[in-house]
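Visitor: Please show me the model, and then take me through some questions about it.

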Amino acid sequence: MTRPHLPLNALRAFECSARHSSFTLAASELHVTQAAVSQQVRGLEARLGVALFRRLPRGLALTDEGLALLPVLVDAFGRIESVIQQFDNGHFFEVLSIGVVGTFAVGWLMPRLRSFRERCPFIDLRLMTHNNVVDLAAEGLDFAIRFGDGSWQGLAADALMTAPLTVLCAPSIASRVRRPQDLSHETLLRSYRAEDWPGWFAAAGIDCPAIRGPVFDSSRLMVEAAVQGAGVALAPAAMFERELQEGRLMRPLDVEVTTGGYWLVRLRSRQVSPAMELFRDWLLAESGARAAPA
């Protein structure tokens with residue numbers, strides 16, 4: 001397809017003049033004379049056969065035609081500028097946006113991000129955390145890392161790792177928790193997944209007591225409450241290795257229950273970009289997982 005000649009200088013002169021409502025200020029931004037900007041705009045108006053501005057004693061006012069053209073140009077020039085800014089020292093920086101469940105982000109991903117940066121320095125990584133509720137399309141995400149069973153409608157999923165839940169608490173509480181039955185005397189902190197504690201007690205082979213502890217929408221917050229002695233948490237120990245090594249958190253019982261794992265997901269309709277492929281390969285290698293069929 002052959003594109004018609006676009007008067008880019010004139011379009012830029014109009015867009016800049018419209019933003020400033022002034023030929024003089026536009027000339028200053030574009031580093032040309034006021035007369036040059038005015039001439040470019042008049043030439044564009046002559047080509048289109050319409051007036052884009054009403055010339056006022058103290059500035060410019062857009063006509064209806066100018067109002068129709070301006071947002072298109074602002075968007076187009078903005079997109080061009082955004083792409084050009086991704087070039088640096090002869091390389092193209094590709095943006096990669098990822099939504100990550102907070103527990104995984106802090107407990108596993110952050111300590112390894114330096115490795116990815118060293119391997120893929122030309123990927124501009126954007127990380128947003130979520131509490132396991134994420135809309136990839138609405139939020140403009142390339143990937144998300146979620147906890148669950150890997151079955152989400154419209155999403156392709158790669159298993160990263162299982163995440164068995166275990167009892168975690170502060171040392172002061174751990175000293176009195178020697179068997180599962182001892183938990184009936186403690187405050188049991190709850191996540192938004194109501195089935196976690198009943199599943200754990202079933203794995204321990206005893207009845208689940210009444211659970212009335214506070215509910216958290218994030219395992220990271222729940223375990224922080226446990227660290228501060230507010231109660232006993234049920235969470236994946238693998239995400240809290242630092243707290244366990246530092247002795248701020250203890251694991252008094254060996255019983256575990258698996259209710260899900262961490263998954264890397266993307267929209268099935270989303271074409272995989274080079275940056276997405278590099279991140280996926282790195283993440284699967286770091287987690288020791290295997291890629292699922294495309």
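The questions below go from cysteines to a helix, a hairpin and a sheet.

Guide: This is a predicted model, in which local features need pLDDT of at least 70 and side-chain atom pairs count only at pLDDT 80 or more, while totals for chains, interfaces and linings use all residues. Residues are numbered from 1 along each chain as its sequence is written, and side-chain values use heavy atoms, with hydrogens and water left out.

Visitor: How many disulfides does the structure hold?

Guide: A disulfide is counted when two cysteine sulfur atoms lie within 2.5 Å. For Cys208, the closest cysteine sulfur is that of Cys169, 17 Å away, so a bond is ruled out by distance. The number of disulfides in the structure is zero.

Visitor: Is Cys208 buried, exposed or partly exposed?

Guide: Buried means under 20% relative accessible area, exposed over 50%, and partly exposed in between (1.4 Å probe, protein chains only). Cys16, with a relative accessible area of 0%, is buried. Cys208 has 34% relative accessibility, so its class is partly exposed.

Visitor: Which strands do the buried residues of H1 pack against?

Guide: The buried residues of H1 include Leu11, Phe14 and Cys16. Contact means heavy atoms within 4.5 Å. Besides helices H2, H3 and H4, the buried residues of H1 pack against strands S1 (53–56) and S2 (59–62).

Visitor: Which residue of S2 stands opposite Arg55?

Guide: Two strands pair if DSSP finds at least two bridges between them. S1 and S2 run antiparallel, joined by four bridges, and a hairpin of two residues links them. Opposite Arg55 stands Leu60.

Visitor: Which strands are at the edges of the five-stranded sheet?

Guide: The sheet is open, with mixed pairing and the order S6-S5-S7-S12-S8. An edge strand here pairs on one side only, and the two are S6 (123–130) and S8 (155–162).

Visitor: Which residue in S7 stands opposite Gly99?

Guide: S5 (residues 94–101) and S7 (residues 143–148) run parallel and are joined by three bridges. The residue opposite Gly99 is Ala144.
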